[in-house]
Amino acid sequence: MREHGAAGRAAPTIVLVHGYPDNQAVWEPVAERLAGRFHVVTYDVRGAGGSTRPRRTRAYAMEHLNADLRAVVDAVSPDRPVHLVGHDWGSVQGWGAVTGDALEGRVASFTSIFGPCVEHFGQWVRDRLRRPTPRHVRELAGQFARSWYLVFGAVPGVPWLVWRLGGARLFPVLIERMEGVERRPDPAFLKDALYGTKLYRANALRFLRPGHLCRTQVPVQAIAPTRDAFVSPHQSRDLTAYVDRYWRREIPAGHWGAVRKDPATVASMIAEFVEHVEGAPETAELRAAQVPAVGEILAGSAT
């Protein structure tokens, strides 16, 4: 775990949670830009970086990830709720935290860059299969084309074989060519990649749970990279059934480019949102990004 900046613990705390196959270092450019105003915390999730690497797949289930996050939150901000920000699987984990009761009362806001809630994703797919309109079919086709990695991660033995037979060397090259994002050589990368695949298998059955079971009253901001090769930006558009207060913004970047290529823009979006939740007036940009609740839409159409 690392605490960034000179703002100190008197400032609002922002906890940045990384995804797969990263470690907390992926957040450095964003953390540096937030650290002047906030108490910024990063940590390695289980299976990555300097964290523990349990061998049993079950040890990577959402309840264990949430327990780890709760321990971090209680350590760095024992008397004040934190502002949670997740990227990729860190965002998936963040949804699991704010839609459950493991961190009830300990999270003031959540910014998702954008990894979906597993249950919301499953419901999104089922809703479109039930109503296969041309738009729904296009959205499903776009996401399925991006979702090859889910099959890769879910089949026992395949990820270990691919990563060990050159995937660990090829991956940074592919990301640099796809997104223009340089990834530094990391001696722990192979282990991060191998153990991180357990996240997919340990939480796969959550896909079948109804989405309505996973609601949150925590204010949520989604930052959707429009050039994401892995997650369709369509998934972040229809979440007002699950979120009481919801803001959605787009950024013209790829999956990793969102946090590595334009960290100043992402840091600014996070800061605006956190400051508003902390009591500052809503900026014009944030006001434009707020998504009306279903009830507000119906009321507006009736007038």
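Mentor: One term first: buried means under 20% relative accessible area, exposed over 50%, and partly exposed in between (1.4 Å probe, protein chains only). This is a predicted model, so local features need pLDDT of at least 70 and side-chain atom pairs pLDDT 80 or more, while totals for chains, interfaces and linings use all residues. Residues are numbered from 1 along each chain as its sequence is written, and side-chain values use heavy atoms, without hydrogens or water.

Trainee: Is Cys117 buried or exposed?

Mentor: Cys117 is buried, at 2% relative accessibility.

Trainee: How many disulfides are there?

Mentor: The count is 0 disulfides, taking a disulfide as a pair of cysteine sulfur atoms within 2.5 Å. For Cys117, the nearest cysteine sulfur is that of Cys214, 4.6 Å away. Cys214 is in no disulfide either, and its nearest cysteine sulfur is that of Cys117.

Trainee: And Cys214, buried or exposed?

Mentor: Cys214 is buried, with a relative accessible area of 3%.

Trainee: New topic: what volume does the largest pocket have?

Mentor: About 880 Å³, the space filled by probe spheres set on its grid points, which are joined across faces, edges and corners. A pocket is an open set of points on a 1 Å grid over the protein atoms alone, where a 1.4 Å probe fits, with protein on both sides within 12 Å along at least five of seven lines; lining residues have an atom within 4 Å of a point.

Trainee: Which residues are closest to its centre?

Mentor: Ser147, Trp148, Tyr149, Leu150 and Tyr200, out of 38 lining residues.

Trainee: And the second largest pocket, how much space lies there?

Mentor: About 390 Å³. It has 17 lining residues, and Asp22, Arg183, Arg184, Pro185 and Asp186 are the closest to its centre.
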